[in-house]
Amino acid sequence: MPKISRGFHALCIASIMTFLLAPVILVFPISFSADAYVAWPPSAWSTRWYVALLHNEEMVTAFRNSLIIAACVTAITLIVAMPAAVALTRWNFLGRDALTSLFTAPLLLPSIVLGLAILVIFAGYGLVGSWPGVIIGHLVITLPYALRVLITGLSTMPAFVEDAAGTLGADPWRVFRRITLPLMTPALVASAALAFIVSFDEVVISLFIAGTQLKLLPVSLYHYVESWTDPLVAAVSALLVLGTLGIVLIVERAIGFGKAVSK
Amino acid sequence: MTVSTVDADARSGGGRLLLTLLLPIIFVNVIAFIAPVANLVAMSFREATATGSMKEGMDLATWSSLVGDAYYWSMLWRTIWIGALITLVTLVLSYPLALFVSRAEKAKALLIVLCISPLLISAVVRTYGWMVILGDQGFLPALLRSFNVTPPRLINSQLGVVIGMTEILMPYMILSLLSGFGKLDTTLEQAAETLGAGPLTVFRRIVLPLSMPGVLLGCLLCFVLAVSSFITPKMLGGGRVALLATEIYDQAIVTLNWPVAACLSVLILIVFGTALLFYGQLSKIVE
Amino acid sequence: MYLEVESLEKRYGHFAPSVSDLSFSLGQGELLGLLGPSGCGKTTTLRMISGLVQATSGKIKVGGQDVTRLPTYRRNMGVMFQSYALFPHMTIAENVAFGLQMRKARHADIAKRVESALAMVHLSGVAERKPRELSGGQQQRVALARALVIEPDILLLDEPLSNLDAKLRDNMRGEIRDIQQRLRMTTVFVTHDQTEAMAICDRIIVMNRGKLEQIGTPHDIYENPATPMVAEFVGRINRLEGQWRSDGAIAVGDSLLQVKDGGGTGRVLIMIRPHRIDLGAWGTASAGSAEENTIAGTIRHVTYVGDTFQYEVATTGGLLQVEKATSSMADPFQPGDAVTLRWKTRDTLTFSTEIAG
């Protein structure tokens, strides 16, 4: 390839990459703006919006609620998805594939439709705006992710190790505890992280079923942006990006470690 | 490698255990997925009174009022063509990037993580990032003004929605494309070159056809997500870009007309189904 | 008999059975080979014996006790898997100790037995390593030690050598045989490689399409194959078609062949191994005798492969492959040469009922 066209090619790739990452990166400088509204370039730099954030009771509460909800959802997701994944990979039964598709179907449904559907039915039972209501609503979308990761983890295990344990005298429960469970730790960590992030970030379903009583961070952010134009949200966004990065790094270490074990 | 599964009848005694393992997930799916969706479809055949309560009985009244209303027709078309436009732009931008990433020798894993990781960040945060960039006092207008160009209306417009949605959906497209490029063996291209094909011909005759399954999958995914997305059009459209999804929200939360919201939801599902049918047909042709 | 298998059958759904009507038995300390092409049901048979696959019908008895419905973990059989199936998250010592832990052996006892098992396979130095740090050959020894340390009633080996390179394979083969003899371990050995089976097995079962074709010593299987499938599977062989005559000879082309215990009617399939045929210049031969068959032919093609010449010879009965060691033939034949082929009557294998359309 001639030099010019290669240079042009590299430039194109770099610009597309910049486009992809621009919104995530630009919230950082804006979050340090000293201005009372979002403007580029900021007239001066400060940490005033981080300070404002700490004193914004709604945001702090919403953040705490979101953390609690995400933690609960993650725990329940693992408790529910783990046995299901074992059943769907270790048993051979009629309708297994259909059932697997059914359990991943909520991912294909637009979340706006799912949110509305859950709202309509939960409203009748007073679940809207309640903790259990929101947790169940989130479970519907975290379960398919976790199930997929766990099924992949279970079906890419080194061949025959479970059989081998059986021939050595381990009953099914001990095979699970001594062989299956340790070997799928990476998949468990990954699905837990995914469930946590999906639940913490979920906005559409929360918008429908969290109501006005139960404050959740993405919903509060959304409403804040609707009525305010100051860089407070940039500060929250910057923190969220860093938090997500942290989780990704933890998972990377866990899975990298796992890969080393199973190689 | 696959794990050997002990064959079915070796575990025939475990029928009850199997049911126990599956019961929790079935329970969650029934109460928060199957029942609500079935109920929603049924809801579309009810009719709301002026006070927001529901009339008795089921009929097609809500449906017929929707079908007779040109407002909804134009909204449907706008949703579909904006969805298609977003899909096209996303494809055009993602294809070279995905090709580059799949060919990268150094730092391939890092590049993939960079392309995919935006998925892990809340759509609200990413859309807010676009408000920072596209807003009247934002980064891009400032940049344009420094070159003495008068910026077009970027926010609270369809243009803004398309830009934001494109970026939001790119990771999905890149993922699909990468899975498609997986089948692409560079020796095939070398073989074509030894047979006398120039770079353009190699791309047109070898690379493009072999990556078609990934392209189709990515397009399906992006179209479906674009048609049903709500947060980004709402935040970047500023209420001026009325789409099916935003209308569902308004009807459900603001107007409190659940039957209309239910009808529009079913309509979105019909658009989904149609897209899926198209995808199936096109995949057959490509195969 | 120590291991008895009676009319074993395995069916998956409505497909043709993977294994059917399989019966055999083997004595204490015997090494039995299950030989056959891939998909013949040999691995399924092994997995039924180990309990990893449940037999549809039939019986498996070990030392007179019926184990057919016993779950794998109660069967006490040492299994060595083709992929070794070492536990990747455990050290070598932990892998070998696993079976003993399941049997609730005492701690000190476990350590001692693990040590001696690893010593037996010459791997004492690697106890604290992880499987991935070992070579393929070493991993295989660990798998063997792990299967043997539990003092199994029966040792089951599933294609244990197929993942090793050629040199290592021969070594390991001998070593497995040594240990098996030393421990007098009743062993079933699954393989698709007839040389491997011949080299170490006391008896061999040849399987095809889920059925037993023949059971016998390696010599039996090679010299007196029960079916054309067995004859073809255990080594290169020629096929000719002929017609029984009322005097017990067979007409092939314009020649007559004698067989050791002949007799039959209609068409017949004749098989002869290429290296059992002798070649002579045309005219040097007398007519066939009771001990020897001769047939005239013309050399079509000669291939030199180092230790042998391989000839393709056209006869009136059809094409025959002939194999001769190179040292014995100072002056090889050329294509076009007229030759006489001769071989012992007892090397002429006949199959009356097996002529394929």
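Predicted model: local features only at pLDDT ≥ 70, side-chain atom pairs only at ≥ 80, totals over all residues.
## The interface of chain A and chain B

The size of an interface is often given as the accessible area lost when the parts come together. For chain A and chain B that area is about 6900 Å², with 82% of it on carbon and sulfur atoms, and the two sides bring 80 residues of chain A into contact with 75 residues of chain B. On the side of chain A, the residues that lose the most area to chain B are A:Phe19, A:Leu20 and A:Trp91, which together make up 10% of what that side buries.

Between these two chains there are zero salt bridges, and the count of residue pairs in polar contact, with both residues at pLDDT 80 or more, is two. Helix α1 of chain A, residues 3-31, gives the most to the side that touches chain B, supplying twelve residues. Sorted by class, that side of chain A has 68 nonpolar, seven polar and five charged residues.

## The interface of chain A and chain C

Chain A also meets chain C, where 23 residues of chain A are in contact with 23 residues of chain C. Chain A and chain C bury about 2100 Å² between them, and 66% of this area lies on carbon and sulfur atoms. Within chain A, the residues A:Thr167, A:Leu168 and A:Arg178 lose the most area to chain C, and together they account for 34% of what that side buries.

There is one salt bridge between chain A and chain C, and it is formed by A:Asp163 and C:Arg47, whose closest N and O atoms are 2.8 Å apart. Five residue pairs across this interface are in polar contact, with both residues at pLDDT 80 or more. On the side of chain A that touches chain C, the helices α7 (161-167), α8 (172-183) and α12 (232-262) each supply at least two residues, and by class this side has 14 nonpolar, four polar and five charged residues.

## Chain C and its strands

Chain C has 357 residues, of which 52% count as buried, and its secondary structure comes to eight helices and 20 strands. Its C-alpha atoms fill a box of roughly 80 × 45 × 35 Å along the principal axes. Among contacts in chain C between residues at least 6 apart in sequence, 66% join residues at least 24 apart.

Strand β17 of chain C, residues 308-315, is mostly covered, with six of its eight residues buried. This strand pairs in the antiparallel sense with β16(C), residues 292-304, over seven bridges, and it is also joined by eight bridges to β18(C), residues 318-325, again running antiparallel. C:Val313 in β17(C) can be followed in both directions, for it stands opposite C:Ile299, while in β18(C) its bridge partner is C:Leu320. The hairpin of β16(C) and β17(C) has three residues between the strands, and in this hairpin C:Gly306 takes a positive phi near 90°; the hairpin of β17(C) and β18(C) has two residues between its strands.

## Salt bridges within chain C

Side chains of opposite charge can pair when their charged atoms come close. Over all chains, the structure holds 23 salt bridges. In chain C, the side chains of C:Glu30 and C:Arg203 meet in one of them, at 2.5 Å from N to O. C:Glu30 lies in the loop between β2 and β3 and C:Arg203 in strand β9, so this pair ties together parts of chain C that are 173 residues apart in sequence. C:Glu30 is buried, with a relative accessible area of 14%, whereas C:Arg203 counts as partly exposed at 21%.

A second pair consists of C:Glu241 and C:Arg267, which meet at 3.1 Å from N to O.

## A buried serine in chain B

B:Ser229 is found in the loop between α9 and α10 of chain B. Because its relative accessibility is 14%, under the 20% cut-off, B:Ser229 counts as buried. A polar atom of its side chain lies 3.2 Å from the backbone oxygen of B:Ala226. Leaving aside residues up to four places away in sequence, B:Ser229 touches B:Met165 and B:Ala245.

Technical notes. Residues numbered from 1 in each chain as written. Chains lettered and ligands numbered in written order. Heavy atoms only, no water. Contact = heavy atoms within 4.5 Å. Buried area = accessible area lost by both parts, 1.4 Å probe. Salt bridge = Lys/Arg side-chain N within 4 Å of Asp/Glu carboxyl O. Polar contact = N/O pair within 3.5 Å; in protein donor to acceptor, adjacent residues only side chain to side chain. Helix = DSSP H or I, 4+ residues; strand = E, 2+ residues; numbered from the N terminus. Nonpolar A, V, L, I, M, F, W, Y, C, P; charged D, E, K, R; others polar. Buried < 20%, exposed > 50% of the residue type's maximum accessible area, 1.4 Å probe, protein only. Pairing = 2+ DSSP bridges.
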